[in-house]
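Here's a quick tour of one model, taken a region at a time. Have the structure open and follow along.

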Amino acid sequence: MRGFLTTRTAVLDWLRTLGQQEDVFFPLPLGENSFSFDKVRQHSRLAFEDFDAAPGEKPFRASSCVQPPGKKLSPNNEQIFRFSKNAHGEYQLTPTLDERPRIIAGLRPCDLKAIHLMDRVHSDDIADAHYLTRRRNTTLIAHDCLQPCDEHCFCDATGSLRWRQGADIFLTPQPEAKLLLEALTERGERRLDDAGFAPCSDIEERRALAEEKRAQPFGRHFDAPLQRVIDTVSDSWESPVWDKHVERCFSCGTCNLVCPTCYCFDVQDDYNIDDPDSGQRSRRWDGCMLEEFAVVAGGHNFRPQLAARQRHRIKRKLAWLPARFGDGSFCVGCGRCGHQCTVDIDIFDIANDLLAATEARP
Amino acid sequence: MKLKIAFFDMASCEGCQLAILDCEDIFLHILDLVEIVEFREALSETAPRFDIAFVEGSINREMDADRLRDIRARCSWLVSLGACASHGNVQARSNALSPAENLQRVYGAEACHTVHTDPEYWPLWAHTRVRAVHQVVKVDYHLRGCPVDRHEFLHLVKRLVAGSLPRFARQPVCVECKYNGNECAFAHGETCMGQITWGGCDAICINGGYRCDGCRGLLPGANLEAHRALLRERGLGEAEIDSRYRLFCSADVGPQEAQP
Ligand code: SF4
Ligand code: SF4
Ligand code: SF4
Ligand code: SF4
Ligand code: SF4
């Protein structure tokens, strides 16, 4: 695969130029302490982190990026189909597929792994045409992390830190404010061939240079290897740990709605006020921590207790989906849920508490 | 046949009715679906029976309660319109004070003795209290908020017209706040009532850079103990917390559990 070497500024200028022709999403500052993948405009202030950045000096933190970039592939409230009545009085359905090309740039290994997992989920069994159509038309430009982004991250512990699969172009920080750009797919190659950056002949050496620079240990680590965590969460059903971690919980769903591997939704039909014979079905993001999530027709709620909902969430991330897809942890360790929960309930602590509780068991 | 709808106002600022009149861009289409038979803000007619009654405002006087019972008897669905009707709103703050103290606060220590307090005419200070609509008659649906959200109003009308059930998700403001990708108020040193407040407003105040003050009322089963503890941790004193909780009074009047 081909590689190029150029300055950070040149790459940012390139993204700004691309942003004038198509939708380019990049992590931009939001509010006082957050980030948001927003559309790049001509005068957007874009930044990549420095090769020599000390921890804490980084321009981007995954956990304070409210919505993960992968949500651009299944936006909230997306229309699934429109309906209308034809001349014979029969309803006709027209699926809505979004084929606009777009680029998501500056996304990190944790979010990249999450998109890979969402690709698996949405291609499994009944393929989700809405997601897959957007995905097919999306170029992913990922960026390596040499320092843990903040005190919430545990991407190395969940096996996401070195994730590259799914990226079209992968950026690795280099000394002297430079970036190594590697095309990992044909689409990435085409994009880079057009960009006019200088080819790089010593890709391996440059990768190794960055690897040497990578912080060791990197971010938080569980009290046991990942497989033990997964086994422990899989075996924990009745446990006081579930109750402990909901004492302060509001059942607010934030931990679901900001998670890059939460994909549940709720569908709604609505008719047009100016033509009641036509309308649309749309879906909005849902989350298993919300009280009404498991209510079925007739009003029965399968998980009225909050602790049971918390257990369900954690088992989806660290037991059931890993077993179903065989692609490792479905928690990618981005740290969002723990950071954005207003009472600091963190899947990382829950996993460690379950490990400790299992150890203590006779 | 078109559904007949009627609007009534009790103790309120009529802002919710105005919020609905604000649907002017689609108002004519709404009139294709329903017939408005009573609406003091826009019409002078009155009607003996109607399908949906929207009641705005809290119930402060016994004569209002009687009027409300009469409305209930004349409609199929009764909808509480806005925070006053749904949980009393700011005027229900007076419930926390004795009638004498109320008088003093409103009119001052001297003048309060000269205020006419004929209980037949104005029993508020004398012996009654501010009530939400559901504390007097059965309410079928609540449109919450100060003022109501026009999308929720439209949703309700469209669903009832189509013969299906309106749905107002029982979830806090945080959900829509996250839909909109906002930075959480707590992430910049602010505090917020969003986690314990009934959503449906599209988190409009946080979208605008402010916090949620809880105008849509307390979510049933909300974890108040944890919320008060969090506000304390963020530096709010007990009195300040009480005042936040009491602003729209939903904590005092209590949420109505039943919402079909
Ligand atoms: S969690 Fe890890 S991979 Fe994700 S941004 Fe932080 S350091 Fe990078
Ligand atoms: S974000 Fe925190 S408070 Fe909200 S549901 Fe999740 S764990 Fe509970
Ligand atoms: S469970 Fe939490 S830390 Fe794990 S991927 Fe989801 S948001 Fe990130
Ligand atoms: S700002 Fe308020 S409503 Fe929004 S997530 Fe934070 S607590 Fe919830
Ligand atoms: S954000 Fe809070 S205060 Fe604002 S409209 Fe919604 S419920 Fe009311």
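Which residues are around ligand 2? In this predicted model, the shell is made up of A:Cys249, A:Phe250, A:Ser251, A:Cys252, A:Gly253, A:Thr254, A:Cys255, A:Met289, A:Gln310, A:Cys341, A:Val343 and A:Ile345. Sort those by type and you get 8 nonpolar and 4 polar residues, with no charged ones.

Now over to the strands of chain A. Strand S6, residues 102-107, has 6 of its 6 residues buried, so the rest of the structure largely encloses it. The pairings of S6(A) look like this:

| Strand pair | Sense | Bridges |
|---|---|---|
| S2(A) and S6(A) | parallel | 3 bridges |
| S6(A) and S7(A) | parallel | 5 bridges |

If you want landmarks, A:Asp23 has A:Arg102 of S6(A) as its bridge partner. For the other pairing, look at A:Leu107, which stands opposite A:Ala142 in S7(A).

Follow the chain to the loop between strand S7 (138-143) and strand S8 (169-174), and you'll find A:Thr158. Is A:Thr158 buried or exposed? Its relative accessibility is 1%, and buried means under 20%, so A:Thr158 counts as buried. A polar atom of the A:Thr158 side chain sits 3.1 Å from the backbone oxygen of A:Cys155. Leaving aside residues up to four places away in sequence, A:Thr158 touches A:Lys113, A:Phe222, A:Leu226, A:Ser329, A:Cys331, A:Val332 and A:Gly333.

Notes: Residues are numbered from 1 along each chain as its sequence is written. Chains are lettered from A and ligands numbered from 1 in the order in which they are written. This is a predicted model: local features need pLDDT of at least 70, side-chain atom pairs count only at pLDDT 80 or more; totals for chains, interfaces and linings use all residues. Side-chain values use heavy atoms; hydrogens and water are left out. Helices (H or I, at least four residues) and strands (E, at least two) are DSSP runs, numbered from the N terminus. Buried means under 20% relative accessible area, exposed over 50%, partly exposed in between (1.4 Å probe, protein chains only). A polar contact is a pair of N or O atoms within 3.5 Å; within protein, one must be able to donate a hydrogen and the other to accept it, and residues adjacent in sequence count only if both atoms are side-chain atoms. Contact means heavy atoms within 4.5 Å. A residue is near a molecule or strand if one of its heavy atoms lies within 4 Å of it. Ala, Val, Leu, Ile, Met, Phe, Trp, Tyr, Cys and Pro count as nonpolar, Asp, Glu, Lys and Arg as charged, and the others, Gly among them, as polar. Two strands pair if DSSP finds at least two bridges between them.
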